[in-house]
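Subject: Structure handover

Hello,

Here is the structure I promised to pass on. Please open it first, then read the notes below.

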Amino acid sequence: MKGWDRMMLENQNMNQKLLVLVGSPRRDGNSATLAAAVKRGAEKKGTQVALHFVDDFISSFLHDCRICRLPSGECSIQDNYESLIMGEFVPADGVVFCSPIYWYGLSAQMKAFFDRLFCYYAASYKNSSVISEGMSNKRIGLTLASEETYPGAALGIIHQIQEYARYTHSEFVGAVRGVGNSRGEVALDIQSPLMAAEQLGYDIFERKYSDYQKDSVRSTKVWS
């Protein structure tokens with residue numbers, strides 16, 4: 001790569017923002033370890049990256065918006081979820097969701113993150129158009145940690161994130177799964193999930209992505 005091209009690419013990476021969201025309550029658990037690897041990879045690439053734990057911002061599940069929404073249109077739930085959405089999620093060009101597998105699904109914290117979005121992109125919220133636009137057209141990644149090695153344990157979550165990406169016109173470019181029980185044990189997984197998570201953070205904005213429909217314009221070569 002020529003020096004000028006390299007400089008242009010580095011500047012582009014510095015302008016891209018990646019949000020890494022951890023849905024585990026454990027600050028030093030396996031999900032946090034995978035999230036840190038994603039962040040490390042993004043930093044190596046020169047990407048702007050922020051890592052946050054969802055339960056630092058959410059203290060309640062979604063309520064009935066028809067009853068609890070304030071007359072101003074604001075959400076009446078008194079926590080920091082709005083600051084996470086407006087300050088971190090909407091401006092991000094990409095998001096990596098990092099969750100443990102609980103009962104073959106996302107953690108309650110991460111599920112609440114998605115559920116609470118409804119309050120902000122629903123038409124009854126005064127800035128719903130901003131949220132709707134801001135939650136779309138992102139690069140999406142996923143890391144999962146579980147004690148179980150059974151391959152099917154993660155499939156329901158992967159499908160959910162795929163459908164979320166489809167719904168928001170985003171691109172789900174990769175999932176990394178690590179196996180571990182004790183804190184940090186995911187580092188011992190022979191499948192090297194930490195290396196894969198770091199690579200996900202490094203190249204999340206450059207990975208090839210294709211989702212063809214029968215009328216899609218398709219190249220004759222996959223890697224052209």
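Helices (H or I, at least four residues) and strands (E, at least two) are DSSP runs, numbered from the N terminus. This is a predicted model: local features need pLDDT of at least 70, side-chain atom pairs count only at pLDDT 80 or more, and totals for chains, interfaces and linings use all residues. Residues are numbered from 1 along each chain as its sequence is written, and side-chain values use heavy atoms, with hydrogens and water left out.

Start with isoleucine 157. Helix α7 (residues 155-167) holds this residue. Isoleucine 157 has a relative accessible area of 1%, so it counts as buried (under 20%; exposed is over 50%, partly exposed in between; 1.4 Å probe, protein chains only). Beyond its neighbours within four places in sequence, its contacts (heavy atoms within 4.5 Å) are Ile101, Tyr104, Gly105, Leu106, Leu142 and Leu144. Isoleucine 101 lies 56 residues away along the chain, yet the two C-alpha atoms are 8.3 Å apart.

Next, helix α4 (residues 81-89). Its residues Tyr81, Leu84, Ile85 and Phe89 are buried. Seen down the axis of α4, the buried residues fall within an arc of 95°, so they line one face of the helix. The arc is taken from the directions from the helix axis to the C-beta atoms. Which elements cover these buried residues of α4? Among them are β1 (17-22), β3 (94-100), α5 (108-121), α6 (128-134) and α7.

Best wishes
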